[in-house]
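These are my notebook entries on a structure that I looked up. I record each topic in turn.

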Amino acid sequence: MPYHSTRGRAQPLKFDDVLLAGLAPDGGLYVPSVWPRISDRELRQMATLPYAELAVHVVRPFLDGTIDDNTLATMTRDAYKNFDHPDVAPLTPLGKNEFLLELFHGPTLSFKDYALQLVGRLLDHVLTQRNRRATIVVATSGDTGSAAIEACRDRNALDIFVLHPKGRVSEVQRRQMTTVDADNVHNIAIEGTFDDCQNLVKGLFADLSLRKDVGLAAMNSINWARIVAQIVYYVKSAAMVDAPGAKMDVRNQVSYAVPTGNFGNVFAAYAAKKIGLPVQQMIVASNANDILTRFFETGEMKSLTVQSTLSPSMDIQVSSNFERYLFDLVDSKPDVVNGTMEQFRQSHGFRVSSERMAKVRATFDAYRLDDAGTIAAMKKIHDETGVLIDPHSAIGVAAARAKRKDPNVPMVCVATAHPAKFPDAVEKATGIRPALPPHLADIMQRPERCEEMRWNLDALKDYIRSVAKVAV
């Protein structure tokens with residue numbers, strides 16, 4: 001199963017090459033040429049599997065034999081063995097047919113751990129097999145950076161450079177990155193927004209000489225392996241709500257509400273639907289940076305100025321992973337994608353036809369919530385259920401309740417971060433300041449290591465060349 005670029009001007013690659021490439025050389029994103037399928041029977045059988053075993057079943061078809069089953073099983077067991085809940089991704093009831101998918105039980109307390117703990121091991125394996133090194137470059141709006149660092153720290157085949165927008169992540173998020181004491185970890189605070197950081201990463205990958213010289217690779221969700229690993233928790237949650245004996249009125253369907261800025265997490269839900277998961281509805285939850293919600297309401301994708309909010313991981317106005325969905329929406333026509341993305345580059349906007357928007361709205365809905373609404377939602381959820389929830393996840397729950405189509409179909413609200421990562425917002429909403437788990441309890445006292453830079457692509461290239469170990 002080869003992978004091809006959404007822009008159609010790059011050679012098709014196998015999974016292991018896509019893993020190392022990240023962004024395609026033509027600027028597009030890799031997608032599978034054929035989507036594997038999971039039958040209803042397989043889904044029911046998966047309901048009883050431990051998370052690591054389920055991951056093997058879901059991920060294996062996308063590898064197309066590039067990594068053998070025993071090696072993959074070893075990697076999944078190792079990736080998830082230290083998560084702090086026996087179910088890895090537990091499903092907590094919130095209301096009638098309403099659930100919270102807790103994706104914050106990994107080492108850095110965010111949903112990014114579920115993909116990156118596996119992706120780090122996949123990268124290390126492929127590089128070791130090829131006797132190569134790689135230089136990982138990551139742009140983060142808060143959570144990807146710490147999860148990527150945790151997946152890569154002290155690995156012999158990897159150096160990692162993480163770019164975060166200075167002053168635009170929570171203090172806990174920043175310290176989870178900057179307090180890691182590892183020779184192969186390099187943090188860079190960029191004066192600007194997440195979109196600025198993301199544009200720098202794209203600029204690095206556009207330099208084919210740099211890519212070759214330092215073995216540039218990506219762990220942002222532009223890397224297809226990230227999406228594959230995220231599909232697992234959607235399949236697991238659907239299997240759990242539709243398991244035999246479940247005390248609920250289901251019709252073999254499930255719906256999701258996903259807080260998202262870069263569209264990667266919700267695209268993984270869409271990918272799960274593509275492989276056969278019976279998804280009725282996907283609700284995209286946005287904060288005041290509502291480029292995605294505006295698109296799903298109007299058919300126009302138009303970037304505006306980034307606003308700082310209580311949910312900083314969604315403070316994004318350029319949703320990179322949307323290109324994968326656009327490719328599918330235009331019937332896999334790379335010329336259309338090229339023209340659309342060029343229009344977006346030049347004018348910061350594009351519009352989709354009413355015919356295509358009818359297809360979009362058959363599956364997607366969207367909702368936005370400002371900071372005041374987010375605080376109110378966090379308080380309401382705690383008052384009703386006793387559950388503390390972070391601001392991103394609260395927007396997801398509020399979106400589910402506002403836009404849900406069918407109360408008889410289980411609604412899974414994706415909780416993307418531990419409430420202790422955003423203690424100020426949680427305390428403001430509920431009066432309770434959530435405590436960090438023991439392994440992070442002293443993070444405010446640990447020394448930080450971080451470079452600060454203005455937006456300068458050439459300076460960033462020089463820095464990476466001077467610090468990264470040369471690829472073999």
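**Entry 1: an aromatic pair.** I began with F263 and F322, both of which are buried. The model is a predicted one. I noted that a pair of aromatic rings is described by the distance of the centres and the angle of the planes. I then looked up the total, and the count came to 27 aromatic pairs. F263 belongs to the loop between β9 (254-259) and α11, whereas F322 belongs to helix α13 (residues 322-329), so the pair ties together parts that are 59 residues apart in sequence. I also recorded that F263 and F322 belong to one aromatic cluster, whose members include F267, Y270, F295 and F296. Y325, F344, F350 and F364 are also among the members of this cluster.

**Entry 2: cavities.** I next turned to empty space inside the model. Rolling a probe the size of a water molecule over the atoms shows where empty space is left. How many cavities of 30 Å³ or more are there? I found four of that volume. The largest cavity holds about 250 Å³ of space. Its lining has 24 residues, and those closest to the centre are F111, K112, S141, N262 and S313. Two or more lining residues come from each of α6 (143-152), α10 (224-241) and α11 (264-274). By type, I recorded seven nonpolar, 14 polar and three charged residues in the lining of the largest cavity.

The second largest cavity holds about 50 Å³. I listed A139, Q198, V201, K202, N220 and I222 as its lining. Helix α8 (residues 194-206) gives the most to this lining, with three residues. The lining of the second largest cavity divides into three nonpolar, two polar and one charged.

**Entry 3: helix α18.** Which residues of α18 (residues 423-430) are buried? I found P423, A425, V426 and A429 to be buried. These residues cover an arc of only 165 degrees around the axis, which means that they lie on the same side of α18. The exposed residues D424 and K428 are on the face turned away from the buried side. I looked up what covers the buried residues of α18, and the elements include α7 (171-178), α16 (371-385) and α17 (391-403). Finally, I noted that G431 follows α18 and has a positive phi, near 80 degrees.

Notes. Residues numbered from 1 in each chain as written. Predicted model: local features only at pLDDT ≥ 70, side-chain atom pairs only at ≥ 80, totals over all residues. Heavy atoms only, no water. Buried < 20%, exposed > 50% of the residue type's maximum accessible area, 1.4 Å probe, protein only. Helix = DSSP H or I, 4+ residues; strand = E, 2+ residues; numbered from the N terminus. Arc of directions from axis to C-beta. Contact = heavy atoms within 4.5 Å. 1 Å grid on protein atoms, 1.4 Å probe; cavity = no way out; pocket = protein on both sides within 12 Å on 5 of 7 lines; lining within 4 Å. Points joined across faces, edges and corners; volume = space filled by probe spheres on them. Nonpolar A, V, L, I, M, F, W, Y, C, P; charged D, E, K, R; others polar. Phe/Tyr/Trp six-rings, centres within 6.5 Å; stacked < 30°, edge-to-face > 60°.
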